[in-house]
Amino acid sequence: MTKVFINGEFLNQEDAKVSYEDRGYVFGDGIYEYIRAYNGKLFTVTEHFERFLRSASEIQIDLGYTVEELTDIVRQLLKINDIQNGGIYIQATRGVAPRNHSFPTPEVKPAIMAFAKSYDRPYDDFENGINAVTVEDIRWLRCDIKSLNLLGNVLAKEYAVKYNATEAIQHRDETVTEGASSNVYAIKDGEIYTHPVNNYILNGITRKVIKWVAEDDNIPFNEETFTVDFLKNADEVIVSSTSAEVTPVVKIDGEIVNDGKVGPITKKLQEGFEKYIESKSIN
Ligand code: PDD
């Protein structure tokens, strides 16, 4: 029986219900994280929960949980559901209150929900790459907050699906920002380029790991903006996320990248990522 965490309790899936007045449901007034487990261990969980608390703080939600307490919740969730390799989704909303745009007065307790699911690593994508399309980035200007408001991302991803692609690479004017659910990198002449960490992108945890690998392997990691044209003329292109890890992009808007092959820097990053799975996972 699948168990779901809701506000301090592990409930059977069919009993896991939330209120119609939950502000996450009504306003998208909340934040989330998606965390991976490999062989029963949590990968970069501290980094995820530090970002979770930062997102909460940026929208003025006081969660009332520490990184350690949150880690304990997802640890128990994995155990109860007997998950070895999978993903954990956790979200917090401002809570339940009659519909009114401004924050509830008196204050209400945030509502927290988490569930875990088994998930196999996308080996086929790692080896063969994916297709991507480019799309205008229409999202708000606080993409650094991992908020529940994902309409821009949802529409971008659906556009990708419509054109038989796996990811939509977003751009503001001609500047590439990030994917619908990933960070984006162009590799040119042995150097990596990716959008700097600011309000236009999510500061990806996988991006962080890729930066560590690049440093270990002495591959220059340039946190600079670049154009769609630069991306399309790159030697290699990758996207990264907790679920996609280091995924090569072999086609963008129908144009082949690197003869449709996975390039040498991408392979190095994939190998390095594998080592971090070992060293950055905890029980
Ligand atoms: N998304 N940018 C966006 C817009 C994302 O949604 C994600 C991840 C990333 C990569 O972040 P990270 O490496 O920390 O997973 C970048 C997750 C996987 C999701 O929405 O399910």
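**View 1. The largest nonpolar core has 26 residues**. Phe-49, Phe-52, Ile-88 and Ile-90 touch the most other members of this core. A nonpolar core here is a set of buried Ala, Val, Leu, Ile, Met, Phe, Trp, Tyr and Cys residues joined through side-chain atoms within 4.5 Å. Buried means under 20% relative accessible area, exposed over 50%, and partly exposed in between (1.4 Å probe, protein chains only). Two or more residues come from each of β3 (30-38), α2 (45-58), α3, β5 (86-93) and β6 (111-118). Helix α3 gives the most, with 6 residues. Helices (H or I, at least four residues) and strands (E, at least two) are DSSP runs, numbered from the N terminus. A second, separate core of 18 residues includes Ile-210, Ile-265, Leu-269 and Ile-277.

The model is predicted: local features need pLDDT of at least 70, side-chain atom pairs count only at pLDDT 80 or more, and totals for chains, interfaces and linings use all residues. Residues are numbered from 1 along each chain as its sequence is written, and side-chain values use heavy atoms, with hydrogens and water left out.

**View 2. Contacts of Ile-90**. Residues up to four places away in sequence are not counted. Ile-90 touches Ile-31, Tyr-32, Glu-33, Ile-35, Phe-49, Phe-52, Leu-70, Val-74, Ile-112, Met-113 and Ala-114. Contact means heavy atoms within 4.5 Å.

**View 3. Helix α3 (residues 67-80)**. Val-67, Leu-70, Thr-71, Ile-73, Val-74, Leu-77 and Leu-78 are buried. Seen down the axis of α3, the buried residues fall within an arc of 155°, so they line one face of the helix. The arc is that of the directions from the helix axis to the C-beta atoms. Glu-68 and Lys-79 are exposed on the other side of α3. Just after α3, Asp-82 takes a positive phi of about 50°.

**View 4. The β1 and β2 hairpin**. Strands β1 (residues 3-6) and β2 (residues 9-12) pair in the antiparallel sense over 4 bridges. Strands pair if DSSP finds at least two bridges between them. Phe-5 stands opposite Phe-10 in β2. Between the strands lie 2 residues, and Asn-7 in the turn has a positive phi of about 45°.

**View 5. Gly-190 in the loop between β10 (183-188) and β11 (191-194)**. At 33% relative accessibility, Gly-190 counts as partly exposed. Leaving aside neighbours within four places in sequence, Gly-190 is in contact with Ile-219, Pro-220 and Ile-265. Gly-190 and Pro-220 are 30 residues apart in sequence and 7.6 Å apart in space, C-alpha to C-alpha.

Note on methods. Expected span 1.5 Å × (residues − 1).
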